[in-house]
Amino acid sequence: MLRHIVLWTFKDHAEGADKATNIARAKALLEGCAALTPGIVQFDVATAQAGLTFNTDLVLDSTFTDPAALAAYQHHPDHVAIKPFMAAAVAGRHCVDFET
């Protein structure tokens, strides 16, 4: 199994919308990718919550059967299509992939 975790922080304003709106849009777009390709075992998208500790705004915590499944997801046209929005709205991104 391959775990793929991505954390994003968003700009205060981008793409004609405020931070909260862009976080909600990004969350919805990512959730739409949850079943794009075979080999996705687990796919959770969550936003930071007031009252809890956080220093990022949005997280994708996902598990894939193997590196080929992750690559298929990353290159799927529906996933590629959200990248321009993310690039415009995101101030910072951190990612880690590891075998479990």
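How many bridges join strand S1 to strand S5, and in which sense do the two run? Please go on from there to the aromatic rings.

Author: This is a predicted model, in which local features need pLDDT of at least 70 and side-chain atom pairs count only at pLDDT 80 or more, while totals for chains, interfaces and linings use all residues. Residues are numbered from 1 along each chain as its sequence is written, and side-chain values use heavy atoms, with hydrogens and water left out. Strand S1 (residues 2-10) and strand S5 (residues 58-64) run antiparallel and are joined by seven bridges; strands here are DSSP runs of E with at least two residues, helices are runs of H or I with at least four, both numbered from the N terminus, and two strands pair if DSSP finds at least two bridges between them. Within this pairing, Leu2 stands opposite Phe64, and Leu2 also has Glu99 as its bridge partner in S6, the strand of residues 90-99 that pairs with S1 over nine antiparallel bridges.

Turning to the rings, a search of the whole structure finds two aromatic pairs, where rings of Phe, Tyr and Trp (its six-membered ring) pair if their centres lie within 6.5 Å, and planes under 30 degrees apart count as stacked, over 60 as edge-to-face and the rest as tilted. Phe43 and Tyr73 are edge-to-face because their centres are 5.7 Å apart and their planes stand at 70°. Phe43 lies in strand S4 (residues 40-47) and Tyr73 in helix H2 (residues 67-75), so this pair ties together parts 30 residues apart in sequence. Phe64 and Tyr73 form a tilted pair, with 5.4 Å from centre to centre and 40° between the planes, and ring pairs thus link Phe43, Phe64 and Tyr73 into a cluster.
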